[in-house]
Amino acid sequence: MTSTEIAAVRPARTPRRSGPRSTLTRSSGLGLGIAMIWFSALVLIPLAAVVVTAIDGGWDVFWTTITNGQTAAAIKLTVFTAAGVTAVNVVMGPLIAWVLVRDRFWGKSVLEVLIDIPFALPTIVAGLVLLSLYGTDSPIGIDIANQRPAVFLAFLFVTLPFVVRMVQPVLEELEHDVEEAAASLGASRFTTFRRIILPSLTPAITAGAALSFARGVSEYGSLVLLSGNLPFKTEVTSVRILSSIENDNVAGAAAVATVLLAISLAVIVVLDLIQRRVAARG
């Protein structure tokens with residue numbers, strides 16, 4: 001068999017898949033460079049500096065810091081409370097958004113404004129408001145001052161708008177024709193919600209949940225007055241970090257901040273995976 005015949009019977013090589021071609025022009029590339037410099041200066045470099053400070057004294061010092069009884073209690077309280085509050089917001093946020101978008105009632109415009117109050121109110125003022133209503137001199141007889149429910153309530157107050165405001169525009173853009181078509185084909189309301197509405201809302205819900213969790217773990221002002229900041233009971237990580245800074249323990253503060261950063265990143269990744277899975281099943 002000649003070389004020509006061998007070449008004729010040899011299977012043709014599958015062309016290599018090339019990655020997506022860049023569509024950056026010179027001007028858009030310049031914009032990307034400016035954006036990356038800006039993002040690095042504001043986010044990446046400060047985060048890297050915190051991590052470097054945390055591990056500067058060695059892993060033994062880092063591990064000893066985060067496993068300290070008082071610090072571990074603060075981390076546990078903060079993370080579990082933020083997770084619980086996020087779970088509540090995932091249920092209540094879409095419900096409130098649904099009422100605001102699909103229903104018409106007296107006072108709706110007022111409610112639209114009130115939803116944003118936690119955004120606009122300074123957190124220390126929010127703490128004063130909560131202390132006035134749920135403190136030792138509560139006018140409604142509910143005293144949760146210096147107790148763990150105070151932390152939960154403060155987190156709920158400041159994170160309320162996140163899921164609502166993320167879901168609301170998506171609901172407004174959903175076309176009723178699709179839901180009516182599903183109903184005409186015999187789909188129940190639950191099936192229509194599960195197969196049509198929920199997959200459309202899932203990205204907004206997960207984005208709002210991520211923001212809610214991140215705001216919860218970083219909250220300080222709204223809870224500092226009502227919770228009492230009692231070690232092993234109501235002390236959260238933001239207070240613990242401030243205490244470390246005041247005691248000239250910058251490495252300890254950076255270690256706690258690094259743990260919160262890692263937890264927040266893990267939560268964001270998990271929520272993104274959940275969102276992709278629900279959207280794919282829809």
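Ile274 lies in helix α13; helices here are DSSP runs of H or I with at least four residues, strands are runs of E with at least two, and both are numbered from the N terminus. At 42% relative accessibility, Ile274 counts as partly exposed. The terms are set by relative accessible area: buried is under 20%, exposed is over 50%, and partly exposed is in between, with a 1.4 Å probe and protein chains only. Ile274 and Thr206 are 68 residues apart in sequence, and their C-alpha atoms are 8.1 Å apart in space.

The model is predicted, so local features need pLDDT of at least 70 and side-chain atom pairs count only at pLDDT 80 or more, while totals for chains, interfaces and linings use all residues. Residues are numbered from 1 along each chain as its sequence is written, and side-chain values use heavy atoms, with hydrogens and water left out.

Helix α13 covers residues 250–281 and also holds Ser264. Ser264 counts as buried, at 15% relative accessibility. Leaving aside neighbours within four places in sequence, Ser264 is in contact (heavy atoms within 4.5 Å) with Phe213 and Val217.

Val158 is found in helix α8 and is buried, with 2% relative accessibility. Its C-alpha atom is separated by 7.8 Å from that of Thr123, 35 residues apart along the chain. Apart from neighbours within four places in sequence, Val158 is in contact with Pro118, Arg215, Glu219 and Ser222.

Two of these contacts, Arg215 and Glu219, also meet each other through their side chains in a salt bridge. A salt bridge is a side-chain nitrogen of Lys or Arg within 4 Å of a carboxyl oxygen of Asp or Glu. Side chains of opposite charge can pair when their charged atoms come close. Glu219 is buried, at 3% relative accessibility. The structure holds three salt bridges, listed here.

| Salt bridge | N to O distance |
|---|---|
| Arg165 and Glu112 | 3.1 Å |
| Asp116 and Arg165 | 2.8 Å |
| Arg215 and Glu219 | 2.9 Å |

Glu112, Asp116 and Arg165 are linked in a network of salt bridges. In the bridge between Arg165 and Glu112, Arg165 lies in helix α8 and Glu112 in helix α5 (residues 108–115), so the pair ties together parts that are 53 residues apart in sequence. In the bridge between Asp116 and Arg165, Asp116 lies in the loop between α5 and α6 (117–120), so this pair ties together parts that are 49 residues apart in sequence. Arg165 is partly exposed at 22%, Glu112 is partly exposed at 22%, and Asp116 is partly exposed at 27%.

**Negative patch**

Glu172, Glu173, Glu175, Asp177 and Glu180 form a negative surface patch. Patches are made of residues with over 30% relative accessible area and no salt bridge, with like charges joined within 9 Å. Helices α8 (148–173) and α9 (176–184) each supply at least two residues of the patch. Glu173 is found in helix α8 and is exposed, with a relative accessible area of 66%.

**Positive phi angles**

Asn229 lies in the loop between α11 (221–227) and α12 (237–246). Phi of Asn229 is near 55 degrees, a positive value in a residue other than glycine. Asn229 is partly exposed, with a relative accessible area of 21%. Phe232 is placed in the loop between α11 and α12, and its phi is near 65 degrees, a positive value in a non-glycine residue. Phe232 counts as exposed, at 51% relative accessibility.

Note on methods: Patches are made of residues with over 30% relative accessible area and no salt bridge: like charges are joined within 9 Å, nonpolar side chains (Val, Leu, Ile, Met, Phe, Trp, Tyr) within 5 Å. Accessible areas come from the Shrake-Rupley method with a 1.4 Å probe; for residues, only the protein chains shown count as cover. Lys and Arg count as positive and Asp and Glu as negative; His and the chain ends are not counted. The place of a charge is taken as NZ of Lys, CZ of Arg, CG of Asp or CD of Glu.
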